[in-house]
Number of protein chains: 2
Amino acid sequence: MRISELSDSTGVSVPTLKFYLREGVLHPGASRSRTQSDYDASHVERVRLVRALVEVGGLDLATVGRVLRTIEAPEVDRLGVLAVSQQALLGEPVTDQTCVEQTSTPGPQPREGAGRAERWLRARGWSVQERDPAIPLLDRAWRACEDAGIGLDETRMDQYADAVERIAAVDVASVPAEPLAAVRQVVVGTVLVDAVLSALRKLAQQHVAVTGHGPVSDA
Amino acid sequence: MRISELSDSTGVSVPTLKFYLREGVLHPGASRSRTQSDYDASHVERVRLVRALVEVGGLDLATVGRVLRTIEAPEVDRLGVLAVSQQALLGEPVTDQTCVEQTSTPGPQPREGAGRAERWLRARGWSVQERDPAIPLLDRAWRACEDAGIGLDETRMDQYADAVERIAAVDVASVPAEPLAAVRQVVVGTVLVDAVLSALRKLAQQHVAVTGHGPVSDA
């Protein structure tokens, strides 16, 4: 199909499609003539994925590019899937294999200058890499909450973490064994399912506020 | 303090501060002379909140404006806090008080043309308003997942929802009784805690993947 037909199929304007081609987030079509290219179903699918990552996932185009390159050439074994996926999303290498804490007992004192998030992670005993780029993200978001007067202390953070562990268990259980499919699932799923969870949280707040009770406790 | 000192205190450039003043997300300082104004601690706090909502929460400035107006003049009773807060965040009125489903038993057939999210919400029995703006958000994010090859069926959605109910219970329990504080907590907390939860989810995925087990089941 021509680029105008690709535009009709996806609802994305021709100038935007040309921008995607220039930025490399859309692969070139087959040359039909000196000025025309031929696009197929793979282009329709790619444009839809780019739109979803931008509009639903809120990613910028540079991150979309990293995500797509990762999906296409994931030279990783199964264990590296999460690290490679995080790198695609956060733009930082995850090289240090040291874990903050490997056991479920409180660990040693955190190194000097460690942020509140890292100290809390150690106390909780989560197995995460010391230089995981999500740690400074957590630190920043936590500080923003405190600065804004949201009383997010360690107790409330632990309550959130208990619930998020359940979410992560669903995430990890749904990752396919095949590496290429796994990276796609983790990278795209992390972004798009965040949007699902954000909408679910707003709806669940209404439900809990109206009915006056949360889920059955398992304490 | 002068605007240059407000800039030093907050790390936000003078041109950006002037932009905030023009856009109305920062209240004017007291006039000191024809060309100078005097800023105080309330301006420092406001600039920090705007930065947090933009940088950590990912809001655009129009939404920040709605959030701030809502925080400042929440003419609502306690029950209306969530509706007003959602309106501030999503920019749509929540007027229809009809609930999708008020009981925990499966409800009647959804109206014709209802999206998958609405049908699923009915089956789940969550008490949410029929025109809740989070429903189309959920619909769109769910469709984006399916289009991108993320196998997010009703079973997996229910597993996520079980976990998110726990998050919402923590959210609702932390809302103060006083309406003005409540609106602030809900509006700002929804945005900034979403960022906390997103970072937590990435870390929890690592933990679950490394340790090979999720939280203790309460099934």
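## A salt bridge to start with

Let's begin with one pair of residues in this predicted model. Glu118(A) and Arg122(A) form a salt bridge through their side chains, with an N to O distance of 4.0 Å. Both residues belong to helix H6 of chain A, which covers residues 116-124, and they sit four residues apart, about one turn of the helix. Why can two residues with this spacing face each other's way? An α-helix has 3.6 residues a turn, so residues three or four places apart point the same way. The charges matter too: side chains of opposite charge can pair when their charged atoms come close.

Are these two partners buried or exposed? Glu118(A) has a relative accessibility of 5%, so it counts as buried. Arg122(A) has a relative accessibility of 8% and therefore counts as buried as well.

## Around helix H6 of chain A

Just past the end of H6(A) comes Gly125(A), whose phi is positive, at about 80°.

Asp132(A) has 0% relative accessibility, so it counts as buried. Now look for Gln87(A): along the chain it is 45 residues from Asp132(A), yet the C-alpha atoms of the two are separated by 9.3 Å.

## Helices H6 and H8 in chain B

Next, turn to chain B. The axes of H6(B) and H8(B) are 12 Å apart, and the two helices pack at an angle of about 65°. Their crossing is right-handed. On the H6(B) side, the contact is made by Arg116(B), Trp120(B) and Arg124(B). On the H8(B) side, the contact residues are Glu154(B), Met157(B), Asp158(B), Ala161(B), Asp162(B) and Glu165(B). Sorted by class, this contact of H6(B) with H8(B) has six charged residues, three nonpolar ones and no polar ones.

Two of these contact residues, Arg124(B) and Glu165(B), join their side chains in a salt bridge, with 2.7 Å from N to O. This pair links distant parts of the chain, since Arg124(B) lies in helix H6 (residues 116-124) and Glu165(B) in helix H8 (residues 154-173) of chain B, 41 residues apart. Both Arg124(B) and Glu165(B) are buried. In chain A, a set of salt bridges with shared partners joins Arg124(A), Asp158(A), Asp162(A) and Glu165(A) into one network.

## A salt bridge with partly exposed partners

Asp38(B) and Arg32(B) form a salt bridge in which the closest N and O atoms are 3.0 Å apart. Asp38(B) has 30% relative accessibility, so it counts as partly exposed. Arg32(B) is partly exposed too, with a relative accessible area of 44%.

How many salt bridges are there over all chains? The count comes to 22.

## Where the two chains meet

Helix H3 of chain A (residues 41-56) meets helix H7 of chain B (residues 134-147): their axes come within 10 Å and cross at roughly 145°. The crossing of H3(A) and H7(B) is left-handed. Which residues meet here? From H3(A) come Ala52(A), Glu55(A) and Val56(A), and from H7(B) come Arg140(B), Ala141(B) and Ala144(B). By class, this contact has four nonpolar residues, two charged ones and no polar ones.

## Chain A as a whole

Stepping back, chain A has nine helices and two strands. Along the sequence, they follow the pattern α-α-β-β-α-α-α-α-α-α-α. Chain A has 219 residues, and 50% of them are buried. Of its contacts between residues at least 6 apart in sequence, 54% join residues at least 24 apart.

## How confident is the prediction?

For chain A, the average pLDDT is 79, and 78% of the residues score at least 70. For the complex, the predictor gives an ipTM of 0.74 and a pTM of 0.74.

One stretch of chain A asks for care. Over residues 93-111 pLDDT stays under 50, although the model has 41 contacts beyond four places in sequence for this stretch. Where pLDDT is low, the predicted coordinates should not be read in detail.

Terms used: Residues are numbered from 1 along each chain as its sequence is written. Chains are lettered from A and ligands numbered from 1 in the order in which they are written. Side-chain values use heavy atoms; hydrogens and water are left out. pLDDT is the predictor's confidence in each residue, from 0 to 100. Contact means heavy atoms within 4.5 Å. Axes are lines fitted to C-alpha atoms, for helices over the stretch in contact, and angles run from 0 to 180 degrees between N-to-C directions. A crossing is left-handed if the near helix is turned anticlockwise from the far one by less than a right angle, and right-handed if clockwise. Ala, Val, Leu, Ile, Met, Phe, Trp, Tyr, Cys and Pro count as nonpolar, Asp, Glu, Lys and Arg as charged, and the others, Gly among them, as polar. Buried means under 20% relative accessible area, exposed over 50%, partly exposed in between (1.4 Å probe, protein chains only).
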